[in-house]
Amino acid sequence: MPADLDTKHGGRRLSLGPLCQIPVGEGRGFEAGNERIAVFRPRCGGVYATQAHCPHRGGPLADGLLGGTTLVCPLHAWRFDLASGEVLTGGGRITTYRVVLTADGDMVIDLGIGSP
Amino acid sequence: MSGKRRLVVVGNGMAGARAVEEILTRGGGEQFAIAMFGDEPYGNYNRILLSHVLTGEQDPDEIVLNPIEWYAENGIMLHSGVRIVEIDRPGKAVFCDNALWLHYDQLVIATGSRPFMPPLEGLVGRDGRYKPGIFVFRTLDDCRHIAAAAQSSGRAAVIGGGLLGLEAARGVLGYSCEVHVIELGPYLMTQQLDAPAGAILKSTMEAMGVHVQLGKKSTAVLGEGRVEGLAFADGGTLPCDMVVIAAGIVPNRELGVRSGLTVERAIVVDDHMRSVDDPDIYVVGECAQHRGRVYGLVAPLWEQARVLADHITGRDTGAAYHGSKLGTKLKVMGVELASMGTVEAEASDEVVQFSEPRRGVYKKLIVREGRLTGAILLGDMSKAAFLTQAFERDLPLPEARRELLFDIAAPSGPSTFQDMADALQICNCNGVAKGDIGRSVRAGARTARAVMEATRAGLGCGSCKGMVGELVAWFCEGQVEEDPSVHYYVPGIPMPTPELVRSIRERSLRSVSRVFEVLTGGVEDATSKPGLASLLRTIWGRDYEDERDARFINERVHANIQKDGTFSVIPQIPGGVTTPAQLKRIAEVAERYRVPLVKITGGQRIDLLGVEKDNLPGLWTELGMPSGHAYGKSYRTCKSCVGTDFCRFGLGDSTRLAIQIEERFQGLESPGKMKLATAGCPRNCSEAMVKDLGAVAVEGGRWEIYVGGAAGAHVRKGDVLCVAESHDEVIRMMGRFIQYYRENARYLERSYSFVERIGIERLRAVLVEDREGIAAGLEQALEASISDYRDPWLEAGRPVTANQFATLLPKGASGEAARAR
């Protein structure tokens with residue numbers, strides 16, 4: 001279970017462990033607190049986190065394809081922008097979370113300021 | 001003129017002149033110095049209207065399309081009345097009957113056709129010419145001659161009860177000459193009508209004064225110096241003083257034969273309308289045979305001329321002719337009729353019919369899978385426009401079929417799309433209606449692709465894509481923009497497959513990320529990645545730098561993702577042959593892993609469905625069977641019937657062949673999935689004729705190889721590539737096709753589209769006859785891929801990426817990952 005690092009600002013910051021758990025260009029599913037999230041490591045750099053399931057039919061977003069910061073759901077190819085959460089194939093948004101890296105290369109996710 | 005390419009056009013009829021017009025509108029006047037040759041001493045005229053000249057409704061001047069001045073105005077050198085007798089292909093020159101010869105850089109053959117002359121005794125007089133009183137009906141001069149003769153004749157016979165014959169009959173009737181139409185077949189206009197419609201037309205014709213004699217074979221022309229009558233096979237005779245022969249046409253293909261071009265019924269062309277033998281010789285019109293068909297109507301000819309012009313001017317080197325749907329609307333002796341597609345229904349077709357012989361009205365529609373595949377309308381044209389559109393565009397039809405025959409309520413508009421309700425569902429996979437497409441266009445989308453992206457229409461099984469394109473064009477009202485990416489290998493890189501392959505080879509691009517770096521400046525396109533990964537693997541084999549993020553999830557975990565995020569596991573069972581021991585093992589593993597659904601697949605294998613990603617490696621290991629590759633864009637499986645061991649009809653050992661095929665091609669990645677089958681006899685129990693590749697045993701120990709079949713959302717019977725003499729030859733020829741497909745198809749382009757796009761004639765030329773000398777190279781490249789094959793399920797013990805098979809991290813965080821149901 002990831003350690004609860006910080007609860008100030010009303011947010012919850014949880015460690016997801018080392019970045020190397022995710023291969024470059026792919027995503028993986030994580031459990032953080034009681035939340036399911038998908039964390040991505042696109043080739044263009046950065047680490048992004050979103051809700052785990054596609055708003056369309058619940059597809060596992062972590063299994064999607066990445067092109068830049070565009071994510072494509074593996075089930076019916078809905079597309080999303082990882083940075084903004086925007087649904088590129090229709091409109092609306094998915095929940096995104098901020099992820100930062102510690103000096104040791106661990107990912108820390110901030111569940112508190114997830115966008116709706 | 002220097003610097004211009006020399007274009008010689010043989011034939012100045014409707015096809016030749018139209019092709020030149022199309023070339024000129026594409027700026028061809030700047031590129032080419034054009035010379036045209038025509039038999040007839042005129043400009044170019046509309047042959048379709050000849051019957052009007054015959055009846056006197058129109059003057060010859062009125063049907064001229066391009067007068068003599070037009071040629072000079074456009075800088076075209078017209079040699080009229082001159083005939084080309086030979087083409088010197090190596091020397092690139094044409095020779096004329098007046099001893100002139102001319103060099104060309106590119107040549108267009110548009111020699112059209114001539115009347116078919118049935119073998120009649122006494123047709124030719126002692127002087128070796130047709131007897132006075134014998135006429136054909138093809139040119140302006142023919143019209144003049146017929147008209148002149150009819151004025152002084154008492155009775156005329158017209159041989160041929162087709163469209164041309166009836167038009168000739170009508171022309172002659174106008175000169176107060178008795179007319180008899182002599183038809184060999186059982187009814188009139190057998191090309192366009194069925195028997196009941198033919199019967200109605202006959203009585204209408206007879207009411208107008210035309211005598212119609214059916215099932216009558218003419219055998220001889222009577223009379224010594226000139227025509228005095230006709231004799232028939234049944235022993236009867238018909239006294240008459242003129243005979244018009246309108247018994248069909250024959251393509252003028254002799255020039256092609258003499259010049260060593262491939263000629264069947266006509267000169268065989270590829271999809272760019274070029275001779276399959278010579279890239280500098282184009283062929284258009286009635287003398288061209290495209291995908292086994294020769295067209296004698298004008299609409300296909302216009303389409304061909306456009307493709308030819310796009311291609312020869314370089315305006316669109318990807319321009320391709322895909323064949324035309326045949327439909328005609330015409331007026332025969334004041335009787336209107338329309339005919340399209342199939343005339344006779346097949347057993348499984350739906351036939352909608354109405355007949356009112358007293359008024360000369362007849363309507364028959366043939367509906368196949370909800371689409372119009374054939375129609376005959378006689379005497380009432382009120383629904384013709386609607387039906388023509390529905391036929392040409394393959395539109396879905398109203399459920400109440402009577403609406404196809406009559407205007408039930410309000411008078412119908414001219415357009416089907418107009419009539420179509422906004423709520424009508426166009427894309428049945430993603431539930432997109434006509435109205436949604438309209439809204440998308442109004443929101444600014446101008447290409448089919450943009451609309452598809454925005455609405456999801458056509459992005460399911462893809463079978464409605466054509467219709468979506470048509471609707472977008474209709475909503476755009478001419479403002480539609482062509483989406484160039486339809487010609488690319490993948491949408492994200494603006495290159496057709498051969499060009500992309502060249503680029504990748506020249507610059508030694510060995511990984512997907514490197515391709516983007518070099519070719520798009522680093523801009524990654526997610527949906528293009530799997531296609532590039534497949535192509536790079538095909539090109540580089542073991543030197544390919546595999547980046548797993550470029551793969552679709554199925555190919556990362558070697559299983560097929562399901563709607564709930566679990567996976568399906570299908571082990572290899574070559575030829576569908578298993579053993580009791582194997583079945584027991586599968587059963588035990590399925591129980592141990594509590595597999596929710598065990599199902600026999602259509603490919604004669606066993607599918608274990610609902611497996612968690614985390615359980616894949618364990619399950620594979622315990623099965624101890626290799627991957628069946630039921631998840632990738634690759635060779636899938638080869639289905640087979642029982643074959644010779646037990647079947648009492650079997651002609652070939654289909655099971656052994658299927659196993660050999662699977663052992664050879666297992667796991668090969670390809671632009672689209674490849675489903676194969678072998679059938680031990682032409683009963684085709686394993687459906688080999690509708691597979692991407694199929695082998696069907698025929699008597700004599702041989703195998704017919706079918707390519708480009710489909711029986712999914714799209715249904716198509718494959719084309720026979722060749723007949724192979726042995727299992728080894730089947731495998732060799734299939735291998736050539738597979739490698740050619742791997743190197744030339746667009747990503748996700750299934751074999752049925754690929755075969756139609758390239759054309760079976762060309763595939764035979766390249767793959768069977770090795771006209772381009774690439775067969776050995778294809779075999780070698782394929783061999784390299786095959787020798788690199790490794791069962792991907794061996795990754796069970798050696799994952800390639802971090803947490804390759806983990807559903808949820810950290811591992812064991814909750815019980816969920818190892819969820820057993």
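User: Axes are lines fitted to C-alpha atoms, for helices over the stretch in contact, and angles run from 0 to 180 degrees between N-to-C directions. At what angle do α23(B) and α26(B) pack?

Analyst: α23(B) and helix α26 (residues 775-787) of chain B pack at about 85°, with axes 9 Å apart. Helices here are DSSP runs of H or I with at least four residues, strands are runs of E with at least two, and both are numbered from the N terminus. The model is predicted: local features need pLDDT of at least 70, side-chain atom pairs count only at pLDDT 80 or more, and totals for chains, interfaces and linings use all residues. Residues are numbered from 1 along each chain as its sequence is written, chains are lettered from A and ligands numbered from 1 in the order in which they are written, and side-chain values use heavy atoms, with hydrogens and water left out.

User: What do you call that arrangement of α23(B) and α26(B)?

Analyst: Roughly perpendicular, because of the angle between α23(B) and α26(B). The label covers 65 to 115 degrees; under 35 is roughly parallel, over 145 roughly antiparallel, and the rest oblique.

User: Which residues make the contact?

Analyst: From α23(B), R732(B), G735(B), R736(B), I738(B), Q739(B), Y740(B), R742(B) and E743(B) take part, and from α26(B), A775(B), L778(B), E779(B), A781(B), L782(B) and S785(B). Contact means heavy atoms within 4.5 Å. By class, the contact of α23(B) with α26(B) has 6 nonpolar, 3 polar and 5 charged residues. Nonpolar covers Ala, Val, Leu, Ile, Met, Phe, Trp, Tyr, Cys and Pro; charged covers Asp, Glu, Lys and Arg; the others, Gly among them, are polar.

User: How do α23(B) and α25(B) cross?

Analyst: The axes of α23(B) (residues 727-744) and α25(B) (residues 760-768) come within 10 Å and cross at roughly 115°. That makes α23(B) roughly perpendicular to α25(B). Their crossing is right-handed, a term for the near helix being turned clockwise from the far one by less than a right angle, with left-handed for anticlockwise.

User: Which residues meet there?

Analyst: M733(B), R736(B), F737(B) and Y740(B) in α23(B) meet R762(B), L763(B), V766(B), L767(B) and V768(B) in α25(B). The contact of α23(B) with α25(B) counts 7 nonpolar, no polar and 2 charged residues.

User: And what about α23(B) with α24(B)?

Analyst: The axes of α23(B) and α24(B) (residues 751-758) come within 11 Å and cross at roughly 85°, and the two helices are therefore roughly perpendicular to each other. Among the residues that meet are Y741(B) and N744(B) in α23(B), and F754(B) and I758(B) in α24(B).

User: New topic. Where is H558(B), and is H558(B) buried or exposed?

Analyst: H558(B) sits in the loop between α19 (553-557) and β31 (560-561) of chain B. H558(B) counts as buried because its relative accessibility is 3%. Buried means under 20% relative accessible area, exposed over 50%, and partly exposed in between (1.4 Å probe, protein chains only). Leaving out residues up to four places away in sequence, H558(B) touches several residues, including W620(B), Y631(B) and W793(B).

User: What about E591(B), buried or exposed?

Analyst: E591(B) is exposed, at 65% relative accessible area, and lies in helix α20 (residues 580-592) of chain B.

User: Last one: how many helices and strands does chain A have?

Analyst: Chain A has 0 helices and 10 strands. Of its 116 residues, 55% count as buried.
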